[in-house]
Amino acid sequence: MAIFDSVASDYDAWYTDKKGNFVDTVETDLAFSMIDVERGMNVLDIGCGTGNFSIKLAKMGCNVTGIDISDNMLDIARKKAAEENLPIKFLHMDLNDLKFKENEFDAVFSMAAFEFVDDKDAPKALQGMLRVVKEGGQVLIGTISSNSSWGKLYQDENFNKDTVFKYAKFKTLDDMKNWNKEKLAASGQCLFISPLSPEEDYNYEKENELAEKTVGGYICALWKK
């Protein structure tokens with residue numbers, strides 16, 4: 001998709017400063033505290049972008065397939081994986097139309113992709129993810145919370161007019177839980193620090209201090225088949 005192709009070359013710059021690196025760390029810590037990952041698992045990373053989580057999963061010993069709708073993002077992901085000698089398979093594919101067999105993966109993982117899934121399509125997209133995961137397998141979705149300070153900033157028209165977030169459809173944790181209550185196994189949130197806070201506030205001491213006082217900017221839900 002063109003809107004993601006246009007930002008691919010600058011996408012990883014977000015992780016290079018203290019703020020972006022901390023955001024990635026707390027989101028990663030939350031995700032891996034919820035999903036059970038073991039060496040040798042076959043994992044599908046949906047909306048893999050430039051391969052951030054695909055590479056993390058591969059380094060943990062997983063056999064990873066990453067999909068995305070942006071060819072430019074996928075090209076960068078392939079280059080990064082090759083530089084680290086990681087045998088990750090990257091494919092151009094829409095998360096709304098998964099071209100995989102039933103019960104093909106041990107786990108399905110999606111971080112920061114459902115911001116761009118319409119509300120009405122999200123339950124069906126989750127059902128597609130559950131279709132391709134094995135019995136007893138896990139599906140984890142992480143996304144920006146609409147009712148957090150981060151979600152409110154990204155929905156502000158003055159902020160998002162020149163970003164991909166003007167196309168986003170943000171969700172709440174309650175929204176996610178309602179996509180499939182029967183198979184919901186866990187939920188969580190992180191990133192309690194405001195996006196407007198100074199860089200020196202981006203540390204776990206401040207994160208933990210705010211955890212009981214505000215809505216997390218990033219939310220995750222886990223389903224088990």
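Which strands does H6 lie across, and at what angle does it run to S5? The model is predicted: local features need pLDDT of at least 70, side-chain atom pairs count only at pLDDT 80 or more, and totals for chains, interfaces and linings use all residues. Residues are numbered from 1 along each chain as its sequence is written, and side-chain values use heavy atoms, with hydrogens and water left out.

H6 lies across S1, S4, S5 and S7, and runs at about 145° to S5. Axes here are lines fitted to C-alpha atoms, for helices over the stretch in contact, and angles run from 0 to 180 degrees between N-to-C directions. Contact means heavy atoms within 4.5 Å. Helices (H or I, at least four residues) and strands (E, at least two) are DSSP runs, numbered from the N terminus.

Helix H6 spans residues 122-132, and its buried residues include Ala 122, Ala 125, Leu 126 and Gly 128. Met 129, Leu 130 and Val 132 are buried as well. Buried means under 20% relative accessible area, exposed over 50%, and partly exposed in between (1.4 Å probe, protein chains only). Among the elements that cover these buried residues are S1 (42-46), S4 (105-111), S5 (133-144) and S7 (218-224).

Now the sheet itself. It is open, has seven strands in the order S3-S2-S1-S4-S5-S7-S6, and its pairing is mixed. Strands S3 (89-92) and S6 (184-190) stand at the edges with a single partner strand each, so one side of each has no neighbour in the sheet. Direction ignored, neighbouring strands are turned by 15° against each other on average. Two strands pair if DSSP finds at least two bridges between them.

Take the pairings in turn. S1 and S4 run parallel, joined by three bridges. Here Leu 44 stands opposite Val 108 of S4. S4 and S5 also run parallel, with six bridges. Met 111 has Gly 142 in S5 as its bridge partner. S5 and S7 pair in the antiparallel sense, over seven bridges. There, Val 139 is bridged to Trp 223 in S7. Strand S4 is largely enclosed by the rest of the structure, because six of its seven residues are buried.

Helix H3 (residues 18-34) also packs on the sheet. H3 touches S4, S5, S6 and S7, and its direction makes about 160° with that of S6. Thr 28 lies in H3. Is Thr 28 buried or exposed? Its relative accessibility is 11%, so Thr 28 counts as buried. A polar atom of the Thr 28 side chain lies 2.7 Å from the backbone oxygen of Asp 24. Leaving out residues up to four places away in sequence, Thr 28 touches Phe 53 and Lys 56.

Helix H5 (residues 71-83) has 13 residues. From first C-alpha to last it reaches 18 Å, close to the 18 Å expected at 1.5 Å a residue. That expected span is 1.5 Å times one less than the number of residues. Met 73, Leu 74, Ala 77 and Ala 81 are the buried residues of H5. They cover an arc of only 95° around the axis, which puts them on the same side of H5. The arc is that of the directions from the helix axis to the C-beta atoms. Lys 79, Ala 82 and Glu 83 are exposed on the other side of H5. Just after H5, Asn 85 takes a positive phi of about 55°.

Note on methods: Polar contact = N/O pair within 3.5 Å; in protein donor to acceptor, adjacent residues only side chain to side chain.
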